[in-house]
Amino acid sequence: MVCFHRIFRLLVCCLAIVVAEAYGSLAGAEASPLTVWYCQPAQEWVEALPIGNGRLGGMVFGGVGEEHVQLNDDTLWASGGKSRVNPEGLKALPEIRRLLFAGKNDEADKLIFDAMNGIPANIKSYETLGDLLLTFSDGEKAADYRRELDLDTGIVTVSYRIGGATFTREFFSSAVDQVLVVRLTCDKPGRVSLVAALDRPQNFTTEIVVPDTLTMHGKLNGDPVMKYQAQLNVVPKGGVLSAKGDRLVVDKADAATIYLACATTYRHKEPAATCERQIQAAVAKGFGAIRRDHLADYQELFRRVKLDLGAGPNDDLPTDERLAAVAKGADDPGLAVLYFQFGRYLLMSSSRPGCLPANLQGLWNYHIKAPWNSDYHTNINLQMNYWPAEVCNLAECHLPLIDLMDSLVPSGSKTAEELYGARGWVMHHKTDVWGYTVVSYSIWPMGAAWLCQHPYEHYLFSGDKEFLAERAYPLMKGGARFLLDFMVEAPEGTAVAGRLVTAPSYSPENQFRTTASGQRFSYTYAATMDIELIHDLFTNCIEAIDILAADMPDRKFDGEFRAELVGALKRLPPLQISKRTGALQEWIEDYDEPQPRNRHISHAFGLYPGRMITLRGAPELAQAIRTSLTLRGDSCPYDEQADPIYNHCGWSKAWKALAWSRLEDGDHAYRLFKSLLALGTHPNLFNSGPFQVDGNFGATAAIAEMLVQSHADEIALLPALPSVWSNGKVQGLRGRGGLEVDVTWKNGRGTEAVLRVSGDRLVKLRPPKGQQVAEVCGDGRTVASQANSDGTVTFEVNQGNRYEITLK
Ligand code: FUC
């Protein structure tokens, strides 16, 4: 049968093109809507614009007389030396458990603190590389100033006019050529004059090596081994290049290109030689070719996803003014699009294959000792960094995280054995690039279990069985193996006697009060999040085993391990719903909560990012977690007494927005997103408090989750569409099972969707609330589909095909 809807749409589309040609396009022809821009230079670091190629980053301030680019290299981590397990830990473990089960929490807490902390008990900081400083002789006064980051090109541009001359600077970090590039031009000849210098807060030496080459090198803070080297070359067009002290001077050139390279001993035996090689190659290749290759590489990733939420009254305002308007209550759909694409930009810029994963600040950090060391926190923050990776079509940017996990397995296995007498691998709530897996102040041996969700998700989205067999499953199996050994049977007298439980157990960064003493405690047994994490990992492992077994000649694979997992799953305690409040309990016992508005929502793991609590699969639990989220509220105090700047916790709002999206309450999810924009966003769109990139990534994932979901064995279209986004279109989001999804909606109702599929399979599609699927077309023909009683339709799709779905 021919698809009539499709023909009708084609006609409408042709008509629209004719009308647009006649009257001119409605979209402004000048600035790309995907531009973050300002009318003034940055005064503060959180106003500067980030660039990055996954490892080499910069923050561009854009001053007229003084340009400042703060620099980062992803490997600039001071090493803490080899970390060790506390030798007292394993001996103390049985006693700690006995005390916890007996409700003697104060004694347990003390023993945990004395016996379990790793040596050293903390890690060292990720450090700034320093600063590139350019001084211009034309003074500060300029007209028509503009500073922008075009997300469609990954290029920051600063432009201004002095007298009759227009000056333009371009900045980008090339993933192809591994150099950071600055291009300085003027539309009048001989007007580019500057002095270039490198600087650092401490531990550095700068020198001119040959007349066009400036280097900076040194060691890291208190570090015996790590050395870094940066090299800067200036290539002027016309004019004169000279050296003065440790600075390069360009006089009266028509244009100049600056190349900056950096290498450290983390990856390179001879960092200086690496820099020299990279710079020589860049100079030989030339600016035009480097820029062209950067664009090709960058746009191949960036342009995979398009989002349009319709026009708004503030579309033509600079970004800081748009943010200020949102803070006063305005809705700005275009700013939401910008924020979403900025999140994708940040991931592409801080996490490319072969680089280290995005840390707490992504790649960008101006400190020697950063807030929380700009490290990897694995009790929410690192995972959140990667929530947009798959759904927002940047799957390769996920790989650095999986590489980091591989690198943690040797030390994580040692820690498992020495601290818990367990097989498999474990890590706690912090790590660095040096394999830190021991306890750092809180015993939370669930870091590996949570991280193990990531390689499995990478498989689920792609369907790449080789990746599943060779990379994902071994990591997951090791994580599960640890938990099987770590869990113990809850003794008589406890709330869940006879069940398998974690002990000690901790619900990240929250505390409870037991009725017995009224004192606050952190440690217990079987915190809800542990049960959810274990359920997730074990279920994923069982699924993975079955998938891999299906391809074996005898259909057998890891059968004994599978049986162990199935047995343990049956013995996990059920999640508990409070008889007092109807909320999902955060702990196994219905403890009193001294911080009812705590920013963490660890027990919501099962809802997002987990799959244990789905709206239709587990309605009672879904209702209970809805109650928990309601009680928790939408603000997220870090600490009631702390400086309010710490209290915006963007990551917490982003997580809550994701949870409400999974509960299909788009307006509530949007409220949280808006509050994150209004209260938790710096002028440069970085997530605020002390900058943490997790909030950016979490909110990016939340926007995707409002539009398309695929966690409950179905593709749900517009499951949590906020009412303010009544018209829009998204293209290129990914769904689990090798799908790419486009959806268009008008007046709050879906009109059509497109699926591109990379494998033969059955698709179960859930239309937006109150709507139905009118027709599914593949190759211009109607595809037979079956309507299910739960409102979904099921149809078969074939590899490489495109399916058009009409909604009614
Ligand atoms: C966790 C959070 C804090 C902060 C830190 C980096 O400890 O509880 O709010 O985000 O990570």
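Start by selecting Asn 373. Leaving out residues up to four places away in sequence, Asn 373 touches Asn 122, Ile 123, Lys 124, Ser 125 and Tyr 126. Contact here means heavy atoms within 4.5 Å. This is a predicted model, in which local features need pLDDT of at least 70, side-chain atom pairs count only at pLDDT 80 or more, and totals for chains, interfaces and linings use all residues. Residues are numbered from 1 along each chain as its sequence is written, and side-chain values use heavy atoms, with hydrogens and water left out.

Stay on Asn 373. The residue sits in the loop between α7 (333-350) and β18 (376-377). Helices (H or I, at least four residues) and strands (E, at least two) are DSSP runs, numbered from the N terminus. Is Asn 373 buried or exposed? Asn 373 is buried, with a relative accessible area of 5%. Buried means under 20% relative accessible area, exposed over 50%, and partly exposed in between (1.4 Å probe, protein chains only).

**Next: Thr 213**

Select Thr 213, in strand β12 (residues 213-219). Thr 213 is buried, at a relative accessible area of 4%. Show its surroundings. Not counting residues up to four places away in sequence, Thr 213 touches Glu 207, Ile 208, Gln 231, Leu 232, Asn 233 and Leu 248. Now display side chains. Those of Thr 213 and Asp 212 make a polar contact at 2.9 Å. A polar contact is a pair of N or O atoms within 3.5 Å; within protein, one must be able to donate a hydrogen and the other to accept it, and residues adjacent in sequence count only if both atoms are side-chain atoms. For scale, draw a line to Lys 306. Lys 306 is 93 residues from Thr 213 along the chain, and their C-alpha atoms are separated by 41 Å.

**Next: Asp 254**

Move to the loop between β15 (247-253) and β16 (255-264), where Asp 254 is placed. Asp 254 counts as partly exposed, at 29% relative accessibility. Its contacts, leaving aside neighbours within four places in sequence, are Thr 185, Cys 186, Pro 189, Gly 190, Val 192 and Lys 237. Zoom in on Gly 190. Its backbone nitrogen is reached by the side chain of Asp 254 at 2.7 Å.

**Next: the ligand**

Select the ligand and its shell. Which residues are closest to the ligand? Ten residues surround it, and the closest are Glu 509, Arg 599, His 600, Trp 651 and Gln 692. A residue is near a molecule if one of its heavy atoms lies within 4 Å of it. Step through the polar atoms. The side chain of Glu 509 places an N or O atom 2.3 Å from a ligand oxygen. A polar side-chain atom of His 600 lies 2.6 Å from an oxygen atom of the ligand. Taken alone, the ligand exposes 290 Å², and the protein buries 99% of that. These accessible areas come from the Shrake-Rupley method with a 1.4 Å probe.

Cys 355 is in no disulfide, and the nearest cysteine sulfur, that of Cys 397, is 9.3 Å away. Cys 355 is buried, at 9% relative accessibility. Cys 397 is also buried, with a relative accessible area of 0%.

Notes: A disulfide is a pair of cysteine sulfur atoms within 2.5 Å.
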